[in-house]
Structures are given as C-alpha cells and as structure tokens.
Amino acid sequence: MAGKEKPVLDIVHQNSIHVETIRKEQRYQKLHTEFSINPHRTLHVLPDKPMSRKPTEVIAENSVFIDAFHKAHQEPTKKYAMPLTESHEIGWLSAPLIPSTRNDRRFNFSRISTDVTIHQEKALRASN
C-alpha cells in the first residue's frame, strides 16, 4: 500500500516555519512588568528566629500598597457605590429602619416575673 509521504523540508523551509511560529508567539504574548500582591490572598509574614543575630531590616512604607491593602479588606458597601452581584443586593442596605432604644417595648423583651415564674423558681431552688 502506498500512502502519502511527507515532503522533505529543507533547512530554508524549516527556518521560515520557525520564524512564523515566533512571530505568532510575540504577537499574542503580553509581558507583565509591574508586580503587585493579590489582595484577596492572605499573606503570612513570619518573624525571624529568636536567637538570630541578623539585624532587622528597615522597610520603607509604600503608601500605595497600604492603601490598596486597606481597600481590599473593606466591606463591599464601602468599596463600591452599587452592588455588583446578586448576593451583594441581599444585604446591601443593612442599616436598621427604626433606631433602637431600650425603652421601646416593641423590640425589647426583658424578663418579667409573674406568679407562675416566681412559683417555678422557688420550686427549682427547693429541689436543689
């Protein structure tokens, strides 16, 4: 059985295929030159060993990083003006509708002693 044979490529054709492949890679390659820490991932900073003699390094504060870190740890209502997802919409307005006061009997149910509860408390104390 005679099948199709692959044509033998000479070095010029191989080089042109290689150049075309490199051009395609460079066209779609995106080079990231700016480094930033993912604010959604916890960063574990470990202290030095207690007996190490290495002096501690003084690190200059980066205010841009600190601001981004604090913004990432805020609750969504302070980060965004409007809810972004359906789950944000459920608890977006979380402020109480009526201000809470201790004198309002509609919302505060303090313990009130009645004849039945006084009798039950005395019975429980007597059995102990």
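Reply: Let us start with accessibility: a residue is called buried under 20% relative accessible area, exposed over 50%, and partly exposed in between, using a 1.4 Å probe and the protein chains only. This is a predicted model, in which local features need pLDDT of at least 70 and side-chain atom pairs count only at pLDDT 80 or more, whereas totals for chains, interfaces and linings use all residues. Residues are numbered from 1 along each chain as its sequence is written, and side-chain values use heavy atoms, with hydrogens and water left out.

Me: Why is Lys24 called partly exposed?

Reply: Lys24 has a relative accessible area of 44%, which lies between the limits of 20% and 50%, and therefore the label is partly exposed. Glu20, at 45% relative accessibility, is partly exposed as well.

Me: What makes Lys24 and Glu20 a salt bridge?

Reply: The term requires a side-chain nitrogen of Lys or Arg within 4 Å of a carboxyl oxygen of Asp or Glu. For Lys24 and Glu20 the closest N and O atoms are 4.0 Å apart, and the pair is counted as a salt bridge. The two residues are 4 residues apart in helix 1 (residues 11–28), so about one helical turn separates them; a helix here is a DSSP run of H or I with at least four residues, while a strand is a run of E with at least two, and both are numbered from the N terminus.

Me: How many salt bridges are found in the whole structure?

Reply: The search finds 3 salt bridges. Besides the pair in helix 1, Lys78 and Glu75 meet at 3.1 Å, N to O, and Glu121 and Arg125 meet at 3.9 Å. Lys78 counts as exposed at 58%, whereas Glu75, at 39%, is partly exposed. Glu121 and Arg125 are 4 residues apart in helix 5 (residues 115–127); Arg125 is exposed at 63%, and Glu121 is partly exposed at 31%.

Me: How do you know that Lys79 has no salt bridge?

Reply: Lys79, in helix 3 (residues 76–79), is buried, and the nearest side chain of opposite charge, Glu75, is 9.0 Å away. For charge, Lys and Arg count as positive and Asp and Glu as negative, while His and the chain ends are not counted. A polar atom of the Lys79 side chain does lie 3.3 Å from the backbone oxygen of Ala72.

Me: What makes the overall shape compact or spread out?

Reply: The protein has 5 helices and 0 strands. Its radius of gyration, taken over C-alpha atoms, is 35 Å, well over the 14 Å that the globule rule (2.2 Å times the number of residues to the power 0.38) gives for 128 residues, so the protein is more spread out than a compact globule. The C-alpha atoms fill a box of roughly 105 × 60 × 40 Å along the principal axes, and 4% of the 128 residues count as buried.

Key. Polar contact = N/O pair within 3.5 Å; in protein donor to acceptor, adjacent residues only side chain to side chain.
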